[in-house]
Amino acid sequence: MCLGIPGQITAITDAERMMATASVSGVRREVCVAPIAQGPLEDLVGEWALIHVGFAMSRIDPDEAAKTLEALRALGEVEEELAAMRASAAMLEETR
Amino acid sequence: MKYVQEFRDPKAAKAVLAAIARVADEIGATRDKPVHIMEVCGGHTHAIFRYGLDKLVHEGIEFIHGPGCPVCVLPMSRVDECVELAERPEVIFTTFGDAMRVPGTRKSLLQAKADGADVRMVYSPLDALELARRTPDREVIFFGLGFETTTPSTAFAIQQAAREGLTNFTVFANHITVPPPIKALLDDPHMVLDGFVGPGHVSMVIGTEPYQFIARDYGKPLVVAGFEPLDLLQSVLMVLEQIRDGRAEIENQYARVVPAEGNPASIAAVEDVYEPRPTFAWRGLGEIDASGLRIRETYRTFDAEEKFGIGYGTRGRAVDEPEGCACGLVMTGRIKPPACPQFGKGCTPDMPLGALMVSSEGACAAYWQYGGARAEEPA
Ligand code: SF4
């Protein structure tokens, strides 16, 4: 639960609330970029960040992202995180 | 060297292992007189077992598994309070999945859900916030659990709820902080720690400054480490080198992710929303001063403790841990998991009796998952 997982910011969706879309191992997810917001938000698009419980906590370079993903995969953490993301999205979908 | 082939760079791993062995010999560490290094973070505990690092390193190095798994240190009384909140008919109780199976006195959250309580697993407090927006006629409570890495997420969520003026969203805050239990362990006369491998992602938020007291006041080295097995080995080497050279410093092996100053935006959000509680109870460690956080007066309408009158200290009784559970002894490094009479008998990952068996970051679950024959060895 404490590890977080690398994701790439793909678009800013709500600048006022500092929300963006991130692609995390192929899963799309809304994330809050407040922790890493410095300067224009648009500059974050394309950047990699460590995503922890829906928050982009730290910018990392693409090489570090790849290494971290590999390490997390070996620990079984990637599947766990993605499953939690999917389940949470499905739960919200049902509550429309 | 069964596991070395699994490293991304086996050659580098072998070189670091050889360096560790050399320095361990220089210090005079042996199986009978080992150097005790605590990895504070549960993620590190998991990685150590996954790669069998405890077996790969020189035999004079002993890992002590620290209190850095938030689920594992959650006392039963907190779980009981969660269940009590979840059983209220107007409440939707939201939590990270990790907390679902932690045993309470009566039941776990998972059992409460099976019995009809509206308990929902969410990936993020942002999803609990969204649920509150979608269900204005229900009370959505988010179980705020975790260390400094996770605390900013509930702080940001509460700030956002305040901006929107939501009236049906609260956080049941049980966040805890890493430095106070380290201090408590160092003050414990039974503890024989020689150095620490520091948590990577907690440090990404708080930076390295909060650890300085460990070197300054206690003369012990700490090296902040990443999560790759090679990161861990390099950090162990850095700790050993400090011991050999008679140094005690806070070093950062994970500088590519952890800036010395941490994450200022997150620190500011946490500071805005939370304040330390005078004291907080840890499973196996007891009450530790200023180790837990509560929501400040300014945000009291988002505080589940205030709104529902349930929370830290309101029940006025400590709850005993289950009979035969040795979690406290394991957590303070006094025994290894297989020495617990319940290990693998009354307590398995499918039917956990103690919290250390619940999460893959818990020492007992890690031993069980990767231990194999190792679990049979006497502690
Ligand atoms: S085996 Fe179970 S009861 Fe024993 S210390 Fe580990 S988690 Fe606690």
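Predicted model: local features only at pLDDT ≥ 70, side-chain atom pairs only at ≥ 80, totals over all residues.
Residues are numbered from 1 along each chain as its sequence is written, chains are lettered from A and ligands numbered from 1 in the order in which they are written, and side-chain values use heavy atoms, with hydrogens and water left out.

The contact between the two chains involves 44 residues of chain B and 35 residues of chain A, contact meaning heavy atoms within 4.5 Å. The size of an interface is often given as the accessible area lost when the parts come together. Here chain B and chain A bury about 3600 Å² between them, and 62% of that lies on carbon and sulfur atoms; buried area is the accessible area (1.4 Å probe) that two parts lose on being put together, summed over both. On the side of chain B, the residues that lose the most area to chain A are B:Y123, B:L126 and B:R134, which together account for 21% of what that side buries.

Between chain B and chain A there are 13 residue pairs in polar contact, both residues at pLDDT 80 or more. A polar contact is a pair of N or O atoms within 3.5 Å; within protein, one must be able to donate a hydrogen and the other to accept it, and residues adjacent in sequence count only if both atoms are side-chain atoms. Several elements of chain B each supply at least two residues of the side that touches chain A, among them α2 (42–50), β5 (139–146) and α7 (151–164). Helix α6(B) gives the most, with seven residues. Helices (H or I, at least four residues) and strands (E, at least two) are DSSP runs, numbered from the N terminus. By class, this side of chain B has 19 nonpolar, 13 polar and twelve charged residues; Ala, Val, Leu, Ile, Met, Phe, Trp, Tyr, Cys and Pro count as nonpolar, Asp, Glu, Lys and Arg as charged, and the others, Gly among them, as polar.

Side chains of opposite charge can pair when their charged atoms come close. A salt bridge is a side-chain nitrogen of Lys or Arg within 4 Å of a carboxyl oxygen of Asp or Glu. The whole structure has 34 salt bridges over all chains, and two salt bridges are counted between chain B and chain A. A:E64 and B:R256 form a salt bridge, at 2.3 Å from N to O.

B:R256 also meets B:D231 in a salt bridge, at 3.0 Å from N to O. This pair links distant parts of the chain, 25 residues apart: B:R256 is in the loop between β9 (250–252) and α12 of chain B, and B:D231 is in helix α11 (residues 229–245). B:R256 is partly exposed at 34% relative accessibility, whereas B:D231 is buried at 5% (buried means under 20% relative accessible area, exposed over 50%, partly exposed in between; 1.4 Å probe, protein chains only).

The ligand has around it B:C325, B:A326, B:C327, B:V330, B:C340, B:F343, B:C347, B:G354, B:L356, B:M357 and B:C364, a residue being near a molecule if one of its heavy atoms lies within 4 Å of it. This shell has ten nonpolar, one polar and no charged residues.
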